[in-house]
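Here's a friendly walk through one protein model. Have a look at it first, and then we'll go through it piece by piece.

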Amino acid sequence: MQLGVIGLGRMGGNMVKRLREGGHEVIGFDLSPESGRDVDSLENLVAQLPTPRIVWVMVPAGAPTDSTIDALSELLDEGDMVIDGGNTRYIDDHRHADQLSERGIHFMDVGVSGGVWGAERGYALMAGGGQEDYDRALPIFETLKPEGEDGLVLAGPVGGGHFAKMVHNGIEYGMMQAFGEGFETMMRSDLIHDPAAVMTSWRQGSVVQSWLLDLFARAAQDDPSLQSMPPVANESGEAKWMVEAALELGVPTPTTASALWARQTSRGAGGDTLRVVSSLRAQFGGHVTQ
């Protein structure tokens, strides 16, 4: 297929690479001239795409996404489609969909997980939108997802994709926090000689084996105590949104709320627990905390 991609950063640039390797023709645009972009403006991107167009937006949530959607609503034509693959808050998806539908432009929201490893491993995709739009974009999704049966789902109508990704990230917060707390507990015990080796051993045969544990082992390989990592981990918003949504739905989320609180308090002080969380974020997403 032919599509445009807006935003060629850590995620967007790797997604373009995977799409091109899968045989798709991609026209990329980014504000940065050093991004490897194919065109230097949204106008040129739209002009080079055959109709009906598909444009994938991969820019930061909030004002950058809003301004991009605003511009596309004026540039695209009836029958074109916009896919927002960033971490937009799900309640904003309805506003974007309504804005574009006034011009006859279709809209989907897609939660994307895979970090900097996605170009090689594939991305978990959680789509929100109508079945016809999903089927239309399916060749793109099939190329981006990992090999195998899983990794792609039509989660629900517009907003459902980003809602699912929000919950995914809330779960991720809890898992990383639990690994960190276990590591710090062993670090303080005289009974454990090498906490990193213990956790690395769980990669095989254990019920807690996971890709996160693989990433921990990678981070600890040259720095078993993780002392080179700052005991600070920023929070990007999704866990906070999940806790708020869960409160509205009457769902108790103590694990996610605790992990969120730990990240917020880490700005003042943090220990070995947050070194693990910080290391894992650097491994899967390239997030480096100063």
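This is a predicted model: local features need pLDDT of at least 70, side-chain atom pairs count only at pLDDT 80 or more; totals for chains, interfaces and linings use all residues.

Residues are numbered from 1 along each chain as its sequence is written, and side-chain values use heavy atoms, with hydrogens and water left out.

**The sheet**

Let's start with the strands. Seen in order, β2-β1-β3-β4-β5-β6-β7 make up an open sheet of 7 strands with mixed pairing. Helices (H or I, at least four residues) and strands (E, at least two) are DSSP runs, numbered from the N terminus, and two strands pair if DSSP finds at least two bridges between them. At the edges sit β2 (25-29) and β7 (152-156), each pairing on one side only. On average, neighbouring strands are turned by 25 degrees against each other, direction ignored.

Here are some of the strand pairs:

| Strands | Bridges | Direction |
|---|---|---|
| β1 and β3 | 3 bridges | parallel |
| β3 and β4 | 4 bridges | parallel |
| β4 and β5 | 4 bridges | parallel |

You can follow individual partners across these strands. Valine 5 stands opposite tryptophan 56 in β3. Valine 55 has valine 82 in β4 as its bridge partner, and valine 82 in turn has phenylalanine 107 in β5 as a bridge partner.

**The core**

In soluble globular proteins, nonpolar side chains tend to be buried together. A nonpolar core is a set of buried Ala, Val, Leu, Ile, Met, Phe, Trp, Tyr and Cys residues joined through side-chain atoms within 4.5 Å. Here the largest one has 25 residues, and Trp56, Ile83 and Phe141 touch the most other members. Elements giving two or more residues to this core include β1 (2-6), β3 (54-57), β4 (81-84) and α6 (131-144). The largest share, 5 residues, comes from α6.

Which residues does phenylalanine 141 touch, leaving aside its neighbours within four places in sequence? Its contacts (heavy atoms within 4.5 Å) are Trp56, Ile83, Met108, Val110, Leu125, Tyr134 and Leu152.

Helices α1 and α6 pack at an angle of about 105 degrees, with their axes 9 Å apart. Axes are lines fitted to C-alpha atoms, for helices over the stretch in contact, and angles run from 0 to 180 degrees between N-to-C directions. The two helices are therefore roughly perpendicular to each other, a label for angles of 65 to 115 degrees. Met15, Arg18 and Leu19 in α1 meet Ile140, Thr143 and Leu144 in α6.

Now look at alanine 259, which lies in helix α11 (residues 254-265). Is alanine 259 buried or exposed? Alanine 259 is buried, with a relative accessible area of 2%. Apart from neighbours within four places in sequence, alanine 259 is in contact with Tyr173, Gly174 and Gln177.

Terms used
Buried means under 20% relative accessible area, exposed over 50%, partly exposed in between (1.4 Å probe, protein chains only). Angles under 35 degrees count as roughly parallel, over 145 as roughly antiparallel, 65 to 115 as roughly perpendicular and the rest as oblique.
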